[in-house]
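Please open the structure in your viewer and keep the sequence panel beside it. The tour moves from one selection to the next, with a short account of what is there.

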Amino acid sequence: MMDAERRIPLVDLHAQYVRIKPELDEAIAEVIATSSFVRGPHVEAFEASFAAVTQRQHCVSCGNGTDALYIAMMALGLKPGDEVIVPAMSWISSSETVTQAGGKVVFADIDTETHCINPLDIEDKITDRTVGIIPVHLYGHPAPMDKIMKIADHAGLWVLEDCAQAHLASLNGQSIGSFGIAATFSFYPGKNLGAMGDAGAIVTNDETLANHMARFARHGGLQKHEHVIQGINSRLDGIQAAILNVKLRHLSDWTQKRQYLAARYTTGLSKLPGLRCPSVGKGATHVWHLYAVQVEARERLKEALLDRGVSTGINYPCALPLLPCYKKDLHQPSSFPIAHTLSQETLSLPLYPELSEAQQDYVIDAIRAIFGDE
Ligand SMILES: *Cc1c(COP(=O)(O)O)cnc(C)c1O
């Protein structure tokens, strides 16, 4: 049963490379031939294209998605004691950067259906020290931005969208990343739009903020030797930008393929008792960075699939407030019941645009067999 065909990874970056190899190789060769290694024309072209794709006026590229969050918050200017509300379920970048930028992390629980931050819990966590909210469009599902913006506007808070997993997602026809004051993206290789190394960007319509962010990311000056503030060095390589320019042309097709495959999973798996397929909220365009099912006996399913050659992922094994690095804050699982439960029961199935229907059918059949449905 476990021949080479039947070994199905969680993601297959090589399969993507093989399909667009001539385009990528040519783009990389051109950067090398012109020695435009750091910033330069490929980076400028990518910033312009990506701003257009996200319907924003400015795109500031940087070294990775974590830096993007950090740079944005440094530009927004946190003072000691300023509180920022972050979902209890995400990748740690969403919270660690608040601390790095000098703020205090306040966690809010997530919603069972969308796995994104719960607006009701945001309202409960607002104090007179709260300055901002970082919604994360987790797994590619848009956070409820209409409700979040209403809360933020009412309380006078900024909203910084973490779009690392949600390139091209939208809510009621509006592109994610265009709701808040600014939005951050990661182009880590496994993301829906991925470089061949680290890369990230921030988009905004606020020109002053964009200049502030660019200045901080580039040693404190927009021009060489300017240094009006002390900054950091976080920038996009020419090679990564050239790769992203090629891949950006395919992103819409790849996203549609993810949506097609996600719908096939849901059709194939929705009737299994004990397994819950992810749902899509009203008005939401989900871009399926991950297809994460909910199952109580997660470890058993993971092992049984691995026996059949199918790799799965656990995103994420621990709710953020319960990580060892936040131990001093004495958070309890009972304060974040949804994030804690989902951290124990969520399993990500193989999903990438190059996954064939035959491969996916093999995964679906394997899960049904494990559940004794065949
Ligand atoms: C990947 C990711 C990041 C960080 O991006 P890097 O490019 O790896 O630094 C931030 N937030 C979320 C939700 C992510 O998934």
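This is a predicted model: local features need pLDDT of at least 70, side-chain atom pairs count only at pLDDT 80 or more; totals for chains, interfaces and linings use all residues.

Residues are numbered from 1 along each chain as its sequence is written, and side-chain values use heavy atoms, with hydrogens and water left out.

**The largest pocket**

Begin by selecting Trp 91, Tyr 188, Lys 191, His 289 and Tyr 316, which of the 27 lining residues are the closest to the centre of the largest pocket. A pocket here is an open set of points on a 1 Å grid over the protein atoms alone, with protein on both sides within 12 Å along at least five of seven lines, and lining residues have an atom within 4 Å of a point. Its volume is about 520 Å³, where a volume is the space filled by probe spheres set on the points, and grid points are joined across faces, edges and corners.

Next, colour α4 (65-76), α5 (93-100) and β8 (182-186), the elements that give two or more residues to this pocket's lining. Helices (H or I, at least four residues) and strands (E, at least two) are DSSP runs, numbered from the N terminus.

**The cores and α4**

Now select Met 73 and Ile 134, the residues with the most contacts inside the largest nonpolar core, which has 62 residues. Such a core is a set of buried Ala, Val, Leu, Ile, Met, Phe, Trp, Tyr and Cys residues joined through side-chain atoms within 4.5 Å, and buried means under 20% relative accessible area, exposed over 50%, and partly exposed in between (1.4 Å probe, protein chains only). The largest share of this core, seven residues, comes from α4. A second, separate core of 25 residues includes Leu 275, Tyr 291, Leu 347 and Leu 355.

Staying in α4, select Met 74, which is partly exposed, with a relative accessible area of 31%. Leaving out residues up to four places away in sequence, Met 74 touches Ala 101 and Phe 216, contact meaning heavy atoms within 4.5 Å. Met 74 and Ala 101 are 27 residues apart in sequence, yet 5.6 Å apart in space, C-alpha to C-alpha.

**Along α5**

Which residues of α5 are buried? Select Ser 93, Ser 94, Ser 95, Thr 97 and Val 98, and you have them; what covers the buried residues of α5 includes α4, β2 (83-87), β3 (104-108) and β5 (158-162). Just after α5, Gly 102 takes a positive phi of about 95°.

Move on to the open sheet of three strands, with the order β7-β6-β11 and antiparallel pairing. Because β7 (174-175) and β11 (284-285) stand at the edges with a single partner strand each, one side of each is left without a neighbour in the sheet. Strand β6 (residues 170-171) is joined to β7 by two bridges, two strands being paired if DSSP finds at least two bridges between them. Leu 171 stands opposite Gln 174 in β7.

**The largest cavity**

Finally, select Leu 13, Gln 16, Lys 191, Arg 258 and Pro 353, which lie nearest the centre of the largest cavity among its 15 lining residues. A cavity is a set of grid points where a 1.4 Å probe fits but cannot get out. The largest cavity has a volume of about 100 Å³, and the elements that give two or more residues to its lining are α1 (13-19) and α10 (251-269).
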